[in-house]
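Please read it alongside the coordinates.

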Amino acid sequence: MSRIFLTGLWVCVVTLLSAYGAAWWLVNGSIAKPAGEPTWEGLQYVKTEPINVPMIRDGKLMGYSVLELVFTADSTRLKEAPVPPELFVTDEAFRTIYGDDSVDLDHIQRYDLKAFADGIRQRVNVRLKSDIVQEVLVDQIGYFSRDAMKQ
């Protein structure tokens with residue numbers, strides 16, 4: 001009888017110690033970050049609503065460019081911002097695509113997305129007078145012609 005009791009007590013002690021050790025490891029972690037390595041703590045990802053940009057050529061509607069963007073921002077600056085930055089990101093993306101005369105719908109070429117995203121980030125930060133937006137990412141981009149929309 002004492003053997004069963006001691007075995008049960010041993011199982012309880014081992015279970016409690018292993019649970020305590022696992023909880024401690026989750027809270028404190030076992031892998032230290034090297035100094036000087038960039039950290040993503042404090043950044044918040046904000047997804048914009050889909051942006052529909054009409055593509056007009058010679059006074060005729062040719063179709064729509066549709067895109068969704070995601071931007072990273074410092075969470076403390078984002079909370080302190082007087083105006084939500086996603087409004088400015090959406091506006092700058094619309095202005096950039098709508099005002100770009102280099103897009104020839106008959107001869108579509110690759111669009112430099114890095115320059116597009118960096119330009120939006122820079123112009124938004126200038127308009128907000130702060131470096132709130134850290135990076136702009138393209139989540140989705142597409143083009144729907146007028147003929148495809150009729151079907």
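The points below run from the whole chain to single residues.

This is a predicted model, in which local features need pLDDT of at least 70, side-chain atom pairs count only at pLDDT 80 or more, and totals for chains, interfaces and linings use all residues. Residues are numbered from 1 along each chain as its sequence is written, and side-chain values use heavy atoms, with hydrogens and water left out. The protein chain has 5 helices and 4 strands, where helices (H or I, at least four residues) and strands (E, at least two) are DSSP runs numbered from the N terminus.

**Chain totals**

- Along the sequence, the elements of the protein chain follow the order α-β-β-β-α-α-α-β-α.
- Of the 151 residues in the protein chain, 24% are buried; buried means under 20% relative accessible area, exposed over 50%, and partly exposed in between (1.4 Å probe, protein chains only).
- Among the contacts in the protein chain with a separation of 6 or more, 69% join residues 24 or more positions apart; a contact means heavy atoms within 4.5 Å.
- The protein chain has an accessible surface of about 11,400 Å², and carbon and sulfur atoms hold 59% of that; the areas come from the Shrake-Rupley method with a 1.4 Å probe, and for residues only the protein chains shown count as cover.

**Strand pairing**

- Strand 1 (residues 43–47) pairs with strand 3 in the antiparallel sense over 5 bridges, and Gln 44 has Ala 73 as its bridge partner in strand 3; two strands pair if DSSP finds at least two bridges between them.
- Strand 2 (residues 51–57) is also antiparallel to strand 3, with 7 bridges, and here Ile 51 stands opposite Leu 67.
- Strand 3 and strand 4 form an antiparallel pair over 11 bridges, in which Gly 63 of strand 3 faces Ser 145 of strand 4.

**Helix 4**

- Helix 4 (residues 113–128) has 16 residues and should span 22 Å at 1.5 Å a residue, which agrees with its end C-alpha atoms being 22 Å apart; the expected span is 1.5 Å times one less than the number of residues.
- Its buried residues are Phe 116, Ala 117, Gly 119, Ile 120, Val 124, Asn 125 and Leu 128.
- These buried residues of helix 4 pack against strand 3 (60–74), helix 3 (85–98) and strand 4 (133–145).

**Nonpolar core**

- The largest nonpolar core has 22 residues, and Leu 69 and Ile 120 have the most contacts inside it; such a core is a set of buried Ala, Val, Leu, Ile, Met, Phe, Trp, Tyr and Cys residues joined through side-chain atoms within 4.5 Å.
- Strand 2, strand 3, helix 3, helix 4 and strand 4 each give two or more residues to this core.
- Helix 4 supplies the largest share of this core, with 5 residues.
- Not counting residues up to four places away in sequence, Leu 69 touches several residues, including Val 46, Ile 51, Val 89, Ala 93, Phe 116, Ile 120, Val 136 and Val 138.

**Positive phi**

- Most residues other than glycine have a negative phi, and most peptide bonds are trans.
- Asp 58 is not a glycine, yet has a positive phi of about 55°; Asp 58 lies in the hairpin of strand 2 and strand 3, which has 2 residues between the strands.
- Asp 58 counts as exposed because its relative accessibility is 71%.
- Lys 129 counts as exposed, at 75% relative accessibility.
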